[in-house]
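Subject: Structure handover

Hello,

Here is the structure for you to look through. My notes on it follow below.

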Amino acid sequence: MPSIKSKDKINISVRALIEFILRSGDIDDRHRSGKSDAMQEGSRIHRMLQQREGSEYHAEVPLRLELPFEKYDLIIDGRADGIITPDSGTVTIDEIKGVYKELKRLKEPEMLHLAQAKCYAYIYALQNSLSEINVRMTYCNMESEEVKYFHFGFTFGELKSFFNSLIEDYRKWADFSIEWRHKRNDSIKGLQFPFTYREGQKELAEGVYRTIYHGRRLFLEAPTGTGKTVSVLFPAIKAMGEGYLDRIFYATAKTVTSMVPNETFEILRKQDLSFKTVTLTAKEKVCFTGETKCNPAECEYAKGHYDRINDALYDFIMKEDDHSRKRILEYAEERKVCPFELSLDLSLFCDAVMLDYNYCFDPRVKLKRFFGEGVNGSYIFLVDEAHNLIDRAREMFSAELYKEDFLKVRAGFLDSRTLIADTHPAVKEDVKKAKAVKEVTKIITKLMTSLSNCSRALIPVKKLCEPSVVNPDIEEFAAVLARTSVLFGELLEEAGRAEIRIDNEALELYFNILAFLDTYEIMDENYVSYAEFTEDKRLKVKLFNVNPAKELRKCTDRAVSSIFFSATLLPVTYYMDLISGDREDYTIYASSSFDNSHRGVFISGDVSSKYTRRGENEYQRIAAEIYEITSVRKGNYMVFFPSYLFLEAVTEKYLETFDTSEQEILIQERRMDEDSRKEFLLRFEESDKLLAFCVSGGIFSEGIDLRDERLIGAVIVGTSLPMVSFERGILKDYFDEQELNGFDYAYRYPGMNKVLQAAGRVIRTEDDIGIVALLDERFLERGYRKLFPREWDDIKEINLASAREEVAEFWNTQHIT
């Protein structure tokens, strides 16, 4: 959608214009083609067809039309796939579309495809004074390379009428965009930092602004309480007012984290900042049906959605600036549109978008309207809690399949084929549907064979697993998968015509196949493939992205600037290596403005969480040390363990041994729903004698804000190293081969991040006072101590005998009993 490049210009691509103005009808997920986004793929097909043409054929011709209006110039641009200019005769615009459906089923071109070609034809005819021009729609099956053509002839008058109608419909959106931009920027000019600057906070904000100004990346570590959210957002907004960017994408690892920037925007709006924001929430969390069955037969909001959405969107964007999850749900219900699709469309007209990492970086779900191939925009990424990005990115860019799933889905198709053929109600009532039903059963038969072939192709890999193997030969498997994906695409196409819904397990396998094939195509030295038997004896084949920096760079290189910030980014070179791959990026370590004497940091070296030390005696000793530390002063404490098993073992000893009448014991359960989590955290508001046993790296070790007396101490048991596993071994070996410390990159650094996140729960404001106790002999080693924050400048070593006395001395210095 509109990317405003200067004071009086609005740019929009031909494709974006067509898809926005001419969309109509239903949302229907039953009509999905054989690739996740066939319209944006097929570069190979384009080149192949273009190279077959003669000298009269001109490929990839850029077209641009500037339309002057009173308040701005509207610039329409795009690239024609081909223009045929014969020595004599009529010029032809060639529009190429790579598809996965069988071309015999394609009776006419897609309306949006033809409309796009007509726009190119109009622009070329206008600029070359042509009275008539032809359009050729070229469809090519990307598997068989079969080609089908559709030919059209248009007069200039016909195209002018069509194009002017488009522009007239778009004018109100362009008028709004330019008027809002001026209003927003005028309000930014007078915007002041909303608080008194803490020590170092102004320098932090200035560093963010300089990074945006120079178009660079920044890794920013700002300890808890330094006000990093407002220190990042304020200079970003100021840079927007100066024209360095059009939109902010505030990316988070968890939905709850988006509350903080939204609160900051509300504070700034009280200074009369005009700023439109939207929070994107996962589809399954906002779906009115609860099942995300996005088709007109099963969702009333999907039926006719595109007929209603533009009017609803315009009304909503004109009336409100803060488009929260709550308001989106209310408005979508009122206007009978899909809330998820409404939120996506709102993002086109908002100044800041709060969203999950996935929507920025995941190749399968990222917002292609902003981040797709060939889409340009002036935006920045603000990546909060960036310490989470490495593992999340590895998940995004990896793919896996299980041998057993192919036969499981095949068995499901065996049952459904009989059911469809014998009992489908459409067979006798509708000839077209009956034909589609018959075609569905044929495709299912072929697909069942193909699924068997997929399973069979993994037999050689299975034989190599004892119980695992690195870099097995999966070339034949990938080839069979490709053929299977095409059949799946054909099935979805025909099932949509027959109004037959494909089983969710089959759909999940299909999308996993697509992900696997897409990943297989881009595998390089940053990937390791492996196969292994899981605990439940299933054979897993995985394309494992060990270093996500290259793939993340493809995303961040398109942005004006990217700011990665967290309270824990130590050592920063680790995060630079795996997020950007560039140690020349900017870095800032923001000093804490808090009084360090308000925090007591203790290390006990007479206990350990090492596997070789685990046992009844060690659990008893750890329980005793926890008691000595937390019973000195009444208050709320959290104790973090490296695993649930460890938590349960020590908790059992604690409850058996010590009088807990003066403490309220809380225990984090393995699976807690949203209500259970809220209830757990509510106890910190209501009680002053909690001892909460939690898991390091879990839902309560980061992203929660327990200020003042709600939490006065955190005890962290163990170094929180990831469990030893085959995959972790792959990481260690990979980084050793890169001449980096494999143990550090695979185990120590991820583990210490969990430790520091848990420790950060204690001191949240300048008035907070509390203790952090690290229980493990390894914390005394240099390899761990060098990762401590610099503000931990007065660490006390303790043991079971001295713990109570040392902790009491700290509390006494605070004049608290």
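Buried means under 20% relative accessible area, with exposed over 50% and partly exposed in between (1.4 Å probe, protein chains only). Helices (H or I, at least four residues) and strands (E, at least two) are DSSP runs, numbered from the N terminus.

This is a predicted model, in which local features need pLDDT of at least 70 and side-chain atom pairs count only at pLDDT 80 or more, while totals for chains, interfaces and linings use all residues. Residues are numbered from 1 along each chain as its sequence is written, and side-chain values use heavy atoms, with hydrogens and water left out.

**The sheet**

β20 covers residues 599–604. The strand pairs with β25 (residues 770–775) in the parallel sense over six bridges, and G600 has I771 as its bridge partner there. Two strands count as paired if DSSP finds at least two bridges between them. β20 is also joined to β26 by four bridges, again parallel, with V601 opposite I795.

These strands belong to an open, parallel sheet of seven, in the order β22-β23-β21-β24-β25-β20-β26. At its edges are β22 (664–667) and β26 (795–798), each of which pairs on one side only. From one strand to the next the twist averages 20°. Axes here are lines fitted to C-alpha atoms, for helices over the stretch in contact, and angles run from 0 to 180 degrees between N-to-C directions.

Elsewhere in the sheet, β21 (residues 637–641) and β24 (residues 713–717) run parallel, joined by four bridges. Y637 has G713 as its bridge partner in β24. Helix α24 (residues 644–657) packs on the sheet and touches β21, β22, β23 (690–695) and β24; its direction makes about 155° with that of β23. Contact means heavy atoms within 4.5 Å.

**The cores**

A nonpolar core is a set of buried Ala, Val, Leu, Ile, Met, Phe, Trp, Tyr and Cys residues joined through side-chain atoms within 4.5 Å. The largest has 152 residues, and L342, F361 and M638 touch the most other members. Helix α4 (residues 156–189) gives this core its largest share, eleven residues. A second, separate core has 44 residues, including V440 and L458.

Leaving aside neighbours within four places in sequence, M638 has contacts that include F684, F700 and V715.

Regards
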